[in-house]
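I opened my notebook today to look up a few charged pairs and the helices around them. Here are my entries, in the order I made them.

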Amino acid sequence: MSTLEEIAKEEKERVFSHMRKTRGGKYEGIIRGLEAFKYLMLIQTRGNVAEALRRGNILVSYYVLNRFIDDIVDKDAPLP
């Protein structure tokens with residue numbers, strides 16, 4: 001049985017792979033920016049690496065969820 005963290009990671013990889021395949025370079029900057037955001041959170045958390053990564057992962061998961069919903073609404077993906 002997968003943990004919630006594993007499910008989120010798999011879904012992130014699936015969505016990002018789909019974005020790269022179907023939209024090419026248009027979204028590459030966004031994907032890199034989201035990943036880099038985790039490390040920028042070190043400033044806000046005053047160097048607390050675990051908290052910075054946790055907050056960054058929350059943002060990435062939120063983006064992935066919205067991307068998934070957007071694709072369904074735009075009829076780019078079927079209903080689950």
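Which residue forms a salt bridge with Glu11, and how far apart are the closest N and O atoms? I worked from a predicted model, and there Arg14 is the partner, at 2.5 Å. I noted that both residues lie in helix H1, three residues apart, about one turn of the helix. Glu11 is partly exposed at 26% relative accessible area, and Arg14 is partly exposed too, at 40%.

Next I looked up Glu28. Its side chain meets that of Arg20 in a salt bridge, 2.9 Å from N to O. Glu28 comes out at 21% relative accessibility, so I wrote it down as partly exposed. For Arg20 I found 38%, again partly exposed.

Then I turned to Lys38, which sits in helix H2, residues 28-44. Is Lys38 buried or exposed? I found 10% relative accessibility, so Lys38 counts as buried, because the limit for buried is under 20%. I also saw that Lys38 forms a salt bridge with Glu35, with the closest N and O atoms 3.1 Å apart. About one helical turn of H2 separates these two residues. Salt bridges with shared partners join Lys12, Glu35 and Lys38 into one network. Among the residues that Lys38 touches, I listed Lys12, Ala52, Gly56 and Val60.

My last stop was helix H3, residues 49-73. Its buried residues include Ala52, Gly56 and Val60, and the buried residues of H3 pack against helices H1 and H2. After H3 comes Lys75, and I noted its positive phi, near 65 degrees.

Key. Residues numbered from 1 in each chain as written. Predicted model: local features only at pLDDT ≥ 70, side-chain atom pairs only at ≥ 80, totals over all residues. Heavy atoms only, no water. Helix = DSSP H or I, 4+ residues; strand = E, 2+ residues; numbered from the N terminus. Buried < 20%, exposed > 50% of the residue type's maximum accessible area, 1.4 Å probe, protein only. Contact = heavy atoms within 4.5 Å. Expected span 1.5 Å × (residues − 1). Salt bridge = Lys/Arg side-chain N within 4 Å of Asp/Glu carboxyl O. Lists of a residue's contacts leave out its neighbours within four places in sequence.
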